[in-house]
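These are my notebook entries on a structure that was new to me. I set down each point in the order in which I looked it up.

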Amino acid sequence: MTDADVLFTEARTLDAADPLAHHLAAFADAPGVTAYLDGNSLGRPLRDVPEKAAAFIRDDWGTRLIRSWDEQWMELPMRLGDRIARVTLGAAAGQTIVADSTSVMLYKLIRAGVAARPGRDEIVIEAGNFPTDRFIAAGVANETGMTVRWVQPDELTGVSADDVASVVSERTALVVLSHVDYRSGALADMPSITRVVKDAGALMLWDLCHSVGAVPMHLDDWGVDMAVGCTYKYLNGGPGSPAFAYLAAEHHGDVLQPIHGWWGAADIFAMGPEYAPVAGIRQLLSGTPPVLSMLAMQGMLDLIEAEGITAVRAKSITLTDFAVRAYDALLAPLGVRLLSTRSAAHRGGHITIGHDAFQRVTQELWADGVIPDFRFPDGIRLGLSPLSTSHEETLRGILAVRDALQR
Ligand SMILES: *Cc1c(COP(=O)(O)O)cnc(C)c1O
């Protein structure tokens, strides 16, 4: 038996024992795609999304017309936020909303955070954080005359509490970090880091784009101040579906976002002369929410809620552990580097591998219906969305990488 045969046997055994395997069929077919390993960038649609979208357009919009605002849509950003909070964030109701893009929501929360810490003049952010996070933090620093202080963590293991402790001080207003590093998949120790930041008197803002829906969290228990995340990655909300934002109840009323639209006003329909912020989480809203784009994520939340995020995480770990074993057997001998930690406890839902030929390899794989994610200049991310990905599919993808490298 070849290494590949042994791994196929293992993959089939793991799939047969996978308590979540029956959900694979809930996702829409993608003709011609034999391995979709990019669920961390754009989750697949559930099979019933077209039907639900058609019903929404026919009934909620087409028939109920503007009455639907009163009947259900006005409250949707808060109701859906509460669901995300309960199912994935470990947060009580009334602290999470769905709106805007992650980038816009980052601006609102970073700007609000620094305004809530007057006299402090530094924003701490990781040098390797996702570009939009760095750009927006630097933009707010420019706008407010503050300084960005960079954390430079180990690339493989990600940012640690010690890294953060070495840069925060009485000058720090706000710390912005990703829970799961978008490149290496490194999982940050959210409770310890949050404690370090709060002990310094600063506010902690977590970016959850690459962890929400894959890694369990307890934002309330861990004392997190603010968080923001995408819904089109592991929550399968579809391209451009809106972000969610969490603001701990203790900050309502004194952490105020800067885009003063009518949806964040105390009385939306008062049409008064001046803006007065509402006391609750709705203050994070600015304008009319994208109701149609909030549809697809609801089915995914149903699935995660039915199984529980702990079970989803357990599957995620068997997938990434298996991917590392397949890497060892099939790709390491070809000079491919592992750019993620081997420790499942310190890793999110994806692993990254590196090779100089990966730009060419990715182009060939995409043309063949094997779809990983390319990260310039030489990284391939294998994003293994737990509910929609099997071990066998993961192996097909890794074998395709091997075959393309050998061509
Ligand atoms: C995907 C991602 C974003 C994307 O932000 P958008 O405004 O939705 O484009 C931001 N931050 C991180 C860490 C991400 O992974």
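**Entry 1. Salt bridges**

How many salt bridges does the structure hold? I worked from a predicted model, and my count for it came to 29 salt bridges. I then looked up one of them, in which the side chains of Glu10 and Arg325 meet at 2.4 Å, N to O. Glu10 belongs to helix H1 (residues 3-17) and Arg325 to helix H10, so I noted how the pair links distant parts of the chain, 315 residues apart.

**Entry 2. Division into domains**

I next asked which parts of the chain make up each domain. Domain 1 consists of two segments, 3-47 and 308-406, whereas domain 2 covers 72-304. Taken over C-alpha atoms, the centres of domain 1 and domain 2 are separated by 29 Å. In the contact I recorded 32 residues from domain 1 and 25 residues from domain 2.

**Entry 3. The surface between the domains**

I then turned to the side of domain 1 that touches domain 2. Helix H10 (309-331) and strand S10 (350-354) each supply at least two residues to that side. H10 gives the most, with five residues.

**Entry 4. Around the ligand**

Which residues come nearest to the ligand? There are 13 residues around the ligand, and Ser103, Asp133, His210, Tyr232 and Lys233 come nearest. I looked at three of these in detail. A polar side-chain atom of Ser103 lies 2.6 Å from an oxygen atom of the ligand. For Lys233, I likewise noted a polar side-chain atom 2.6 Å from a ligand oxygen atom. Asp133 faces a nitrogen atom of the ligand instead, with an N or O atom of the Asp133 side chain at 3.0 Å.

**Entry 5. Backbone exceptions**

Most residues other than glycine have a negative phi, and most peptide bonds are trans. I therefore recorded two departures from this background.

The peptide bond from Phe376 to Pro377 is cis, with omega near 5°. I located Pro377 in the loop between strand S12 (373-375) and strand S13 (379-383).

Leu65 is not a glycine, yet has a positive phi of about 50°. I found Leu65 in the loop between helix H2 (49-61) and helix H3 (67-73).

Key: Residues are numbered from 1 along each chain as its sequence is written. This is a predicted model: local features need pLDDT of at least 70, side-chain atom pairs count only at pLDDT 80 or more; totals for chains, interfaces and linings use all residues. Side-chain values use heavy atoms; hydrogens and water are left out. Domain bounds come from an automatic or database domain assignment. Contact means heavy atoms within 4.5 Å. Helices (H or I, at least four residues) and strands (E, at least two) are DSSP runs, numbered from the N terminus. A residue is near a molecule or strand if one of its heavy atoms lies within 4 Å of it. A polar contact is a pair of N or O atoms within 3.5 Å; within protein, one must be able to donate a hydrogen and the other to accept it, and residues adjacent in sequence count only if both atoms are side-chain atoms. A salt bridge is a side-chain nitrogen of Lys or Arg within 4 Å of a carboxyl oxygen of Asp or Glu.
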